[in-house]
Amino acid sequence: QAKTAGRNTLQFYSPNMHMAIQERVQMEAEMRTGLEQGHFELFFQPQVHAHQVIGCEALIRWRHPERGFIAPSLFIPLAEDSGQILALGQWVLHTACAQLAAWASNPHMAHLSIAINVSPRQFHQPNFVEQVIAAITQTGADPRALELELTEGLLLHDVEDTIEKMLQLKRHGIAFSLDDFGTGYSSLAYLKRLPLDQLKIDQGFVRDVLTDANDAAIARTVVALGTSLGLRVIAEGVETAAQRDFLQHNGCTTWQGYYFSRPLPVAEFAEWVAQFSSAHRPSSAPTTPH
Ligand code: C2E
Ligand code: MG
Ligand code: MG
Ligand code: MG
């Protein structure tokens with residue numbers, strides 16, 4: 001995972017598995033300080049359906065004052081272990097809801113949803129539902145524009161409790177998406193019982209969808225499975241027009257990936273949306289003056 005963290009990530013922190021205790025303790029302390037000092041930021045990556053931006057995924061970034069950007073793949077697993085994810089998760093929830101509320105008064109942004117990633121440990125807190133409702137109430141966000149991305153790891157514990165929490169949140173209009181679908185542990189029996197709205201085809205299957213017959217078969221199967229369960233299906237990690245076309249031909253018409261845009265800071269994201277929308281509006285076609 002650390003390998004894929006990107007060139008901009010300083011490798012001060014060694015990969016998680018081999019991280020020395022001292023290093024972990026230091027990183028935990030720095031996460032706490034970073035949160036207090038506002039060093040975390042949400043980036044937004046567009047989700048496109050046919051020719052429209054319908055929403056975005058919020059992805060956390062840590063701008064460390066001395067170490068530069070630290071990728072979530074390096075600190076989220078540690079935050080999960082240490083419990084720091086609870087504070088980080090609260091911050092993400094609050095910041096995303098505040099962003100939704102801010103966009104509500106902007107005609108170019110008001111229709112967009114925000115999806116946030118929820119860690120299993122965060123979700124399994126006894127008062128998780130109350131936390132989400134509080135964030136919505138305090139910020140004035142429209143809960144129908146909020147989507148929670150869960151992973152299959154959630155299903156390792158207490159499926160009944162998971163279903164109950166999802167149902168409570170869905171009554172408020174919040175939607176649920178199963179992230180990284182196909183990489184985890186979920187049996188089809190569980191999948192059938194979960195009150196999901198959407199499956200996300202993992203980027204690992206999208207990457208070689210044009211060259212690897214197995215990945216192509218899996219992608220097609222996930223689309224068919226999701227569709228027949230009445231779920232929306234979105235593909236993540238779409239990097240090329242050819243990948244998008246393959247997915248489209250196989251019934252998946254909602255996409256997220258570098259082909260459209262990398263995750264962007266909020267101001268750049270808003271600019272991107274304005275540009276994309278005007279490029280895809282029929283009325284933006286050149287008209288002859290009269
Ligand atoms: P994820 O939720 O599956 O997010 C998708 C990841 O794929 C993001 O990495 C995104 O930047 C990257 N990505 C998007 N499009 C493409 C593409 O076309 N090609 C490739 N190669 N990659 C693409 P990122 O931002 O580094 O996040 C990694 C993971 O960290 C996320 O995977 C998620 O599991 C976790 N994460 C990120 N933000 C949060 C957060 O706020 N809370 C929690 N609990 N986890 C988070
Ligand atoms: Mg996600
Ligand atoms: Mg994913
Ligand atoms: Mg992932």
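**Conventions.** I worked on a predicted model, in which local features need pLDDT of at least 70, side-chain atom pairs count only at pLDDT 80 or more, and totals for chains, interfaces and linings use all residues. Residues are numbered from 1 along each chain as its sequence is written, chains are lettered from A and ligands numbered from 1 in the order in which they are written, and side-chain values use heavy atoms, with hydrogens and water left out.

**Strand E5.** I took helices (H or I, at least four residues) and strands (E, at least two) as DSSP runs, numbered from the N terminus. I called a residue buried under 20% relative accessible area, exposed over 50% and partly exposed in between (1.4 Å probe, protein chains only). Five of the five residues of E5 (residues 146-150) are buried, so the strand is largely enclosed by the rest of the structure. Leu-146, Leu-148 and Leu-150 cover one side, and Glu-147 and Glu-149 the other.

I counted strands as paired if DSSP finds at least two bridges between them. E5 pairs in the parallel sense with E4 (residues 113-117) over four bridges, and Asn-117 is opposite Glu-149. E5 also pairs in the parallel sense with E6 (residues 175-181), over four bridges. There, Leu-148 has Phe-176 as its bridge partner.

Asp-179 is buried at 6% relative accessible area, while Asn-117 is partly exposed at 31%.

**Salt bridges.** I used a side-chain nitrogen of Lys or Arg within 4 Å of a carboxyl oxygen of Asp or Glu. The structure holds twelve salt bridges. One of them joins Glu-57 and Lys-200 at 2.8 Å, N to O. Glu-57 lies in strand E2 and Lys-200 in strand E7 (residues 198-201), so this pair ties together parts 143 residues apart in sequence. Both Glu-57 and Lys-200 are buried. Another salt bridge joins Glu-160 and Arg-193, with the closest N and O atoms 2.7 Å apart. Salt bridges with shared partners join Glu-57, Glu-149, Lys-200 and Glu-236 into one network.
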